[in-house]
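Subject: Structure handover

Hello,

Here is the structure for you to take over. My notes follow below it.

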Amino acid sequence: MLASTRRMYHIARVLIRYRLHEYLPDEGAFRWLRLAARLHPAYYQDDGEAASLGKRLRLALQDLGPIFVKLGQTLSTRPDLLSPDLLAELSQLQDKVPPFPGSEARALIEAALGEPIDAVFAAFDETALASASVAQVHAATLQSGEDVVVKVLRPGVEKAVAADIALMYQLARLANCTSDGRRLRPVEVVREFENTLANELDLMFEAANASQLRANFKNSPLLYVPEVHWRYCRKNIMVMERIRATNIADETAIHAAGTNLKVLAERGVEIFFTQVFRDSFFHADMHPGNIFVYTDQPETPRYCAIDFGIMGSLTPEDQHYLAENFLAFFNRDYRRVAELHVESGWVPRDTRVTDFEAAIRKVSEPIFGKPIKEISFGAFLVSLFQTARRFNMHIQPQLVLLQKTFFNVEGLGRRLYPELDLWTTAKPVLEAWMKTQIGPRAVLKQMRYHAHEYAKTLPQLPLLATRILQQIDQPPPRPARAKQNPRLLAGTLLLIAAVALWLTAHPQGFWQHSALAAMAAVGIWQWCKPGKT
């Protein structure tokens with residue numbers, strides 16, 4: 001509690017120091033807070049008074065630490081919400097956070113590897129190549145001659161993050177005392193954020209994430225993921241291949257290469273939806289500091305991603321509901337969108353679907369058929385929030401990362417190609433995914449996937465079917481609670497056994513196929529044969 005109080009005091013002091021308290025509303029209790037700030041010694045420091053708002057905000061976020069830097073990184077991708085001067089300043093938070101000394105980085109690497117740095121690297125640059133909120137990166141060359149980058153966690157970052165998380169929990173519990181707060185489920189959101197940061201502060205997790213994403217996009221023309229050098233990875237350091245590509249924020253170089261910006265923007269959207277729906281494993285920190293482009297083939301540019309500390313995944317249920325929601329939304333089938341929200345439990349079961357449908361239509365119709373540059377997503381989100389409040393829609397913590405990433409992708413698309421039609425680009429990816437989830441092939445794929453589970457119970461199915469057949473004509477000892485058809489159950493079991501045998505054993509030859517055909521035939525006969533119920 002004492003630590004949280006000190007942290008809250010520090011936040012207030014930083015806001016006052018950089019004159020950010022002046023942007024609080026000049027009414028009600030906020031007016032008294034603005035007046036009270038003049039009594040604090042930080043008010044009389046000269047640090048931020050003469051600087052622009054963008055610079056003051058950037059410096060304040062840097063002073064407040066890693067979590068607030070990440071907030072600035074997210075805001076820096078939203079040109080529709082912030083002015084150009086604010087964007088220019090906050091963009092520096094992506095990879096230009098002041099670094100810690102290279103000598104400290106060298107000492108941390110040597111302690112982690114247990115040997116002198118010269119024994120591992122033929123060359124090591126103590127000047128940081130890039131520096132971000134929780135770690136910084138140094139260029140190096142392995143003894144084998146391969147160019148690599150070495151990522152090193154900032155010393156003491158775990159303690160700083162833990163203090164901020166504790167404060168966030170206190171604020172979340174305070175917000176939970178109101179009806180709006182409970183609807184937003186702030187404690188669950190903070191818990192999800194805490195889990196995400198825990199992975200980001202362990203670089204072995206990041207290395208594993210990079211390897212998985214690299215495998216998912218192996219030989220893909222859309223995205224390249226650098227190779228991890230596992231031998232030199234530890235909890236606080238990671239070594240991976242150094243890439244030679246153009247940062248997505250370097251618009252001058254991208255234009256000079258003659259890059260097809262329309263294709264580049266569309267491929268960014270395609271990569272996002274492919275990660276979410278094909279792989280259920282997506283890069284959830286896609287600010288410009290982490291995205292590069294290979295422009296050697298300007299008509300078919302290829303993305304390259306780095307920094308895999310924050311990754312997201314969805315359950316099959318969430319995937320299915322999201323895909324159906326997106327497709328229904330793209331098709332303007334607002335009735336289906338409303339039904340899906342009720343079916344998934346995102347809104348209460350007693351919600352009137354017709355009313356919810358009308359509210360969604362009111363919010364969504366104005367944005368269709370327009371390029372991104374003509375759409376105010378800020379106003380759209382405000383309208384969605386008002387709709388959510390009216391229908392008591394709950395925030396889904398597991399979807400917070402997805403929402404954040406989607407905003408990043410939209411902001412990137414706006415910057416690259418303002419005419420981008422987000423809906424037309426995403427729809428084919430979703431339709432292709434849905435085709436793999438629905439129909440006979442999808443059923444067969446699922447059955448093959450679960451074949452090992454079927455094999456465990458397979459030997460018991462014929463015996464169980466036989467016992468049921470023997471009991472068909474025997475009256476039950478007491479009245480049954482509900483009508484059952486033993487023949488139907490026996491036939492079903494025989495059919496399941498036949499399919500499971502085929503999936504697991506892949507029989508060859510006349511006798512094996514004949515046995516399976518007989519088992520299936522008996523099962524069908526039991527389905528069709530008239531009998532007692």
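Which residue in β10 is the bridge partner of I291? It is A305. Please keep in mind that this is a predicted model.

**The sheet**

I291 belongs to strand β9, residues 291-294. Strand β10 covers residues 302-305. The two run antiparallel and are joined by 4 bridges. Both sit in an open sheet of 4 strands, with mixed pairing and the order β5-β10-β9-β7. The edges are β5 (223-224) and β7 (246-247). Each edge strand has a single partner, so one side of each has no neighbour in the sheet. Helix α13, residues 261-279, packs on this sheet. The helix touches β5, β9 and β10. Its direction makes about 50° with that of β10.

**The cores**

The largest nonpolar core holds 84 residues. Which of them touch the most other members? They are I248, F273, F277 and Y303. Helix α13 gives this core its largest share, 9 residues. Domain 1 (1-96 + 159-198) and domain 2 (314-442) each supply at least three residues to the core.

Now take F273 by itself. Beyond its neighbours within four places in sequence, F273 is in contact with R278, F326, F406, A426, V429 and L430.

Another core lies apart from the largest one. This other core has 16 residues, including I117, V120, L142 and V150.

**R415**

R415 is in helix α18, which spans residues 400-416. Is R415 buried or partly exposed? It is partly exposed, because its relative accessible area is 25%, and buried would require under 20%. Leaving out residues up to four places away in sequence, R415 touches S76, S91, E251 and P288. R415 and I248 stand 167 residues apart in sequence. In space, their C-alpha atoms are 9.8 Å apart.

**Cysteines**

How many disulfides are there? The count is 0, with a cut-off of 2.5 Å between cysteine sulfur atoms. Two cysteines are worth a look on the accessibility side. C233 has 3% relative accessibility, so it counts as buried. C304 is buried as well, with a relative accessible area of 0%.

Over to you.

Best wishes

Methods. Residues numbered from 1 in each chain as written. Predicted model: local features only at pLDDT ≥ 70, side-chain atom pairs only at ≥ 80, totals over all residues. Heavy atoms only, no water. Pairing = 2+ DSSP bridges. Contact = heavy atoms within 4.5 Å. Axes fitted to C-alpha atoms, helices over the stretch in contact; angles between N-to-C directions. Core = buried A, V, L, I, M, F, W, Y, C linked by side-chain atoms within 4.5 Å. Buried < 20%, exposed > 50% of the residue type's maximum accessible area, 1.4 Å probe, protein only. Domains from an automatic or database assignment.
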